[in-house]
Number of protein chains: 2
Amino acid sequence: MIHDIEVLKAKTSKISEIDFNNLKFGHVFSDHMLECDFKNGEWEAPKVVPYQPITLDPSAKIFHYGQSVFEGMKAYKDADGKVWLFRPLDNFKRLNISSKRLAIPELPENYFMDGLKALLKVDEDWIPEKEGSSLYIRPFVFASGNGFHASPADEYKFIICTAPSGAYFSGEVKVLIEEKYSRSANGGVGFAKAGGNYAGQFYPTQLAVEKGYQQVIWTDDTSHEYIEEAGAMNIFVRIDDTLVTAPTSDRILDGITRKSIIELAKSENIPVEVRKLSVKEVVEAAQNGSLKEMFGAGTAAVISPISGFGYKDNDYELPKLTDDSYASFLKKRITDIQTNKVEDPFGWRMEVK
Amino acid sequence: MIHDIEVLKAKTSKISEIDFNNLKFGHVFSDHMLECDFKNGEWEAPKVVPYQPITLDPSAKIFHYGQSVFEGMKAYKDADGKVWLFRPLDNFKRLNISSKRLAIPELPENYFMDGLKALLKVDEDWIPEKEGSSLYIRPFVFASGNGFHASPADEYKFIICTAPSGAYFSGEVKVLIEEKYSRSANGGVGFAKAGGNYAGQFYPTQLAVEKGYQQVIWTDDTSHEYIEEAGAMNIFVRIDDTLVTAPTSDRILDGITRKSIIELAKSENIPVEVRKLSVKEVVEAAQNGSLKEMFGAGTAAVISPISGFGYKDNDYELPKLTDDSYASFLKKRITDIQTNKVEDPFGWRMEVK
Ligand SMILES: Cc1ncc(COP(=O)(O)O)c(C=O)c1O
Ligand SMILES: Cc1ncc(COP(=O)(O)O)c(C=O)c1O
């Protein structure tokens, strides 16, 4: 299946320099990358090449008009050394959904999937085996064509890089529910994994960090009354025994972890409600003690319990996590499936052979 | 004043290859560029260097998180060969306003101003003399630091490139008033010249182009009832004899052409209203004949008369432009000031010596 992807091997490997027992998130990169160019109206054949710098004209549109989209995935190695991906086709499809909204040409499925598998084969040794570590995979597409006219580029690059990674967050996560700034507009690009969505979050997040929070929870830009999602995670709350998360919309990323958690919870008879979730309801639940848990869900952060939240100059603490918390239970369920420790009744896992 | 900017001259010039009588917009670039790096917490001294490619690691944050801002300015050459800029300090200030919102470090004023002047001195021959042409100037700042963590970069590049340019639009401009898509959110980054704001407009603009329009007029994302601005221009309408434009907000770029037009009109006793402008009002004015003109205002497009607009499957034509139209009059007033043909009572012009 992958026999037709050309591979140019790196002359030397950096792998011996890497301390796989102390991996940060996304700081060291594997020896190779996948590269694929869009030119003359079509995607050229993807190639595996040594990890190397990208050279662009100063007028390349990525520098000026923000035409870029990306994905975030992970590869896991099980006890037998087999390599697994989690719902990779969903990442492929979402990349194209993002591309379309940003006027970037969509990719053929086999370029993405076969290219990714070929890359993982070449850099198989880079996939960590340690519990809690994995190979973070970053597919991205950006405008490499030139010109100062505010219109879509005529050339693009699709690249996949990988980074052996540990946990995304270190320590506890406290969040600030945002009242002033917003992540996305109705009819905007919030549902796309577009570069610009992230840059826009940095400044409000810095303000929150200065106040002692790690992340912002975004609310709708019209009223700031409804909880949407966090910077790189969808948000779940547990009120009494019910798990609640906001519906997706054109402002919210349709997270693969989120939808997996919803399915997993349902299959375990945990009551789940996908519905508008007002800040008022969450604050009241915190005040009357029915707010049991709050957690973020995303590929990078997996499931990240939230220890407390701030809203309008008040701080609310969440109860200490217990072993029977939904967050711990669901995190174990999903990572066990991802790392081939248990059966996968959903067909989510895909072996890379 | 510019004696401390280091200049590395290009070995050869491309200028003889350029047909200055048939310039498109932003397609050919002058021999040099200004380059300035942010490293170890500070901006290093700017340098004029030959126009050259930029080399970045694949994990550079510009490719992933859209951290980029830019400006658009023009340099004009008058009949005596003197070189002029138009309100350049306003561009400098706006660049820093944009940077702040995108968590990009702000630039010192002299790095921007002295760097720009040094660059223009070196490439003075590239500034077109032909009426309607000018040297388009593109200052931009982007995240060159590395890593797959969704947080601000630790390194940035500030670059100024220039492009001898003709008109931005060729032919008439028909616009579509948008009912579904949006450019920016309340509390978002719409007031910043951030790369991501442009990429998000391309797809809706393509849909409009397929229907026969050149540009989209954006409306507020909450109700789509109020006119905001176009892709790279602020919008003015003339109802009877009054010029109306929307107030700026955190969703709208505070255009330098827009505010100059407002001041110019006031000084000419043209009634100007800066207020919310509903689509309903514009449609009714088109229907009852009081809508006399509609035009876009921006550095690239100068003043671009709009010949008609579409809204909810109906098309509305604007009256043919006459010599006493506000658009023609104000365009002549502003370009005469920009190109040193008339007195500049406002102190907007700055000579580059
Ligand atoms: C804005 C945003 N929301 C949610 C998520 C979670 O999505 P997923 O579970 O597919 O990783 C991510 C990260 O991928 C994200 O960037
Ligand atoms: C979104 C947007 N609005 C308006 C303008 C006009 O601003 P200025 O007159 O400062 O060029 C521009 C272009 O610069 C723009 O990009």
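A strand, in the sense used on this tour, is a DSSP run of type E with at least two residues, and strands are numbered from the N terminus. The model on the screen is a predicted one.

**First stop: Val352(A)**

Please select Val352(A), which belongs to strand β20 of chain A, spanning residues 349–352. Is this residue buried or exposed? Its relative accessibility is 6%, and because buried means under 20%, Val352(A) counts as buried.

Along the chain, Lys82(A) and Val352(A) are 270 residues apart, while their C-alpha atoms are separated by 7.7 Å. Now display what surrounds the valine. Setting aside residues up to four places away in sequence, Val352(A) touches Val83(A), Leu85(A), Lys117(A), Leu120(A) and Lys121(A).

**Second stop: ligand 1**

Turn to ligand 1 and show the residues around it, of which there are 16. Which of them come nearest? They are Lys193(A), Tyr198(A), Glu229(A), Thr257(A) and Thr299(A).

Three of these names deserve a separate selection. Begin with the side chain of Glu229(A), where an N or O atom is 2.4 Å from a nitrogen atom of ligand 1. Continue to the side chain of Thr257(A), which has an N or O atom 2.6 Å from an oxygen atom of the ligand.

On its own, ligand 1 has 380 Å² of accessible area, and the protein covers 97% of it. To see where the shell comes from, colour α5 (256–267) and β17 (291–298) of chain A, the elements that give two or more residues to it. Sorted by class, the shell around ligand 1 contains 6 nonpolar, 6 polar and 4 charged residues.

**Third stop: the two chains together**

Zoom out until chain A and chain B are both in view. The same surface serves both copies, since 100% of the contact residues of chain A recur in chain B.

Select Arg94(B) in helix α2 of chain B, which covers residues 88–101. Its relative accessible area is 9%; because the limit for buried is under 20%, Arg94(B) is buried. Apart from neighbours within four places in sequence, Arg94(B) is in contact with Glu71(B), Lys193(B), Leu253(B), Asp254(B), Gly255(B) and Ile256(B).

**Last stop: ligand 2**

From Arg94(B), move to ligand 2: a polar side-chain atom of the arginine lies 2.8 Å from an oxygen atom of this ligand. Select Ile256(B) as well, and show its backbone, where an N or O atom lies 2.7 Å from an oxygen atom of ligand 2. The side chain of Thr299(B) also has an N or O atom 2.6 Å from an oxygen atom of the ligand.

The protein covers 97% of the 380 Å² of accessible area that ligand 2 has on its own. Which elements give two or more residues to its shell? They are β13 (227–230), α5 (256–267) and β17 (291–298) of chain B.

Finally, show the 17 residues around ligand 2; Lys193(B), Tyr198(B), Glu229(B), Thr257(B) and Thr299(B) come nearest. The classes in this shell are 7 nonpolar, 6 polar and 4 charged residues.

Definitions and conventions
Residues numbered from 1 in each chain as written. Chains lettered and ligands numbered in written order. Predicted model: local features only at pLDDT ≥ 70, side-chain atom pairs only at ≥ 80, totals over all residues. Heavy atoms only, no water. Near = heavy atom within 4 Å. Polar contact = N/O pair within 3.5 Å; in protein donor to acceptor, adjacent residues only side chain to side chain. Areas by Shrake-Rupley, 256 points an atom, 1.4 Å probe, with all protein chains shown as cover. Helix = DSSP H or I, 4+ residues; strand = E, 2+ residues; numbered from the N terminus. Nonpolar A, V, L, I, M, F, W, Y, C, P; charged D, E, K, R; others polar. Buried < 20%, exposed > 50% of the residue type's maximum accessible area, 1.4 Å probe, protein only. Contact = heavy atoms within 4.5 Å.
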